[in-house]
Amino acid sequence: CQGCEAFSFMTDVTQERILAALRQVKDPERGNDIVSLGMVSGVQIREGHVGFAIEVEPERGPRLEPLRKAAEKAVADLDGVLSASVVLTAHKQAARPAAAQQQGPHAGHRHAPQKPLVPEVRSIVAVASGKGGVGKSTVAVNLALALAANGLKVGLLDADIYGPSQPRLLGLKGRPHTKDGKILEPMEAFGIKTMSIGFLVNEDQAMIWRGPMVMSALQQMLRDVNWGALDVMIVDMPPGTGDAQLTMAQQVPLAGAVIVSTPQDLALLDARKGIAMFRKVEVPILGIVENMSYFLCPHCGERTDIFAHGGARHEAEKLGVPFLGEVPLDLAIRETSDGGTPIVASAPQSKYAEIFRAMAAQVASQLGAEPLAPPKIVVE
Ligand code: ADP
């Protein structure tokens, strides 16, 4: 309609309109608005979806949730804005899980012109699920090991701040070392490097962390860890598709995401939400994995489809995303996972290891990830 077109400039989502709206939001403790105070950073606009960070001193973080909400609302209420997601980020020295020292502020937004969080990592891949308990962490660790088995240099970042499981899955205990008191050395198991909040805080320590602390912990585990040169970093995401996951997906420069689902319909519904979330932040979906797909009897070898099996493959086709494969429900997978010896490493000859290596090959080919050694020049 010509009439609408004539007025479309009013609903174009621009940085100016966003900042104008944010000038109405006052920092209750400092009296002035958050734009004049220079607290707004990393504004990004993508097809009506807006994200930015508000930089605050870490000690004020917990008190400023109402400010964050007010800023979010001010922007979300603008005509033409489809969604607004705002994070509080630690401005100075953050409350840190490690002994390291903060190098600087920054929200680390995907397109903000900042020093990359992990400059030597070629591709970061999120492993996510719509809900907990579907085997996301199990798939993440075995996929990481399978990528390594296929000849790639691999890191595994456990971003599940509230329920870290990689230390247990990899059978790792103890704390990471630091050579200079600033940068942590990653832990290593079965030839992959890894970092988890589980190495930095005691297991019994209640993790009643707030958004900003979670974000700074995540950034530190990327920026302040000596990951070195890696072909692929697998990120074991926290389960679900809420704001926390969305923010995380925006904070880390992801090359793609793998969605883990069980065959149940409900889980698939959740998986769809996961896919929608990554699409919203323009992260390509590398594929869906159907975990606990069928039951293979360890005694007679008979296969039983416990749930309506095949749902994920069908769903993947419908959604136009690759189907990476199905992993059966098997005691051997549970025992090796929970025993700290993931099946790809402990039973490389098994059919399950083979399944994960095939998945890894599909993921690697989508990333264009050839083994890093011998070094070669990559033109991007
Ligand atoms: P999530 O990360 O989604 O919460 P986990 O990877 O922690 O899930 O898995 C939940 C539980 O299910 C763990 O005890 C794990 O060993 C088990 N499990 C995961 N996948 C399988 C499988 N394919 N067969 C048998 N047990 C599995």
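1. A ring does turn up in another setting: Lys351 sits over the face of Tyr352, 4.9 Å from the ring centre. The cut-off there is NZ of Lys or CZ of Arg within 6 Å of the ring centre and within 35 degrees of the ring normal.

2. Some ground rules. This is a predicted model, where local features need pLDDT of at least 70 and side-chain atom pairs count only at pLDDT 80 or more, while totals for chains, interfaces and linings use all residues. Residues are numbered from 1 along each chain as its sequence is written, and side-chain values use heavy atoms, leaving out hydrogens and water.

3. Now the overall picture. The chain has 12 helices and 12 strands, taken as DSSP runs numbered from the N terminus (helices H or I, at least four residues; strands E, at least two). Of its 380 residues, 54% are buried, meaning under 20% relative accessible area with a 1.4 Å probe, protein chains only. For contacts (heavy atoms within 4.5 Å), residues 24 or more positions apart make up 74% of those with a separation of 6 or more.

4. Have a look at α2, residues 15–22, whose buried residues are Ile18, Ala21 and Leu22. Down the axis of α2 these fall within an arc of 100 degrees, so they line one face of the helix; the arc is taken from the directions from the helix axis to the C-beta atoms. The buried residues of α2 pack against β1 (40–46), β2 (49–56) and α3 (65–76).

5. Helix α4 (residues 136–149) is another story. Here 12 of the 14 residues are buried, so α4 is largely enclosed by the rest of the structure. Among the buried ones are Lys136, Ser137, Thr138 and Asn142. The length checks out too: at 1.5 Å a residue α4 should span 20 Å, and its end C-alpha atoms are 20 Å apart (the expected span is 1.5 Å times one less than the number of residues). Just after α4, Gly151 takes a positive phi of about 100 degrees.

6. Last, Ala316, in helix α9 (residues 311–319). Ala316 is buried, at 1% relative accessible area. Setting aside neighbours within four places in sequence, Ala316 contacts Ile288, Val321, Pro322 and Phe323.

How values were computed
Buried < 20%, exposed > 50% of the residue type's maximum accessible area, 1.4 Å probe, protein only.
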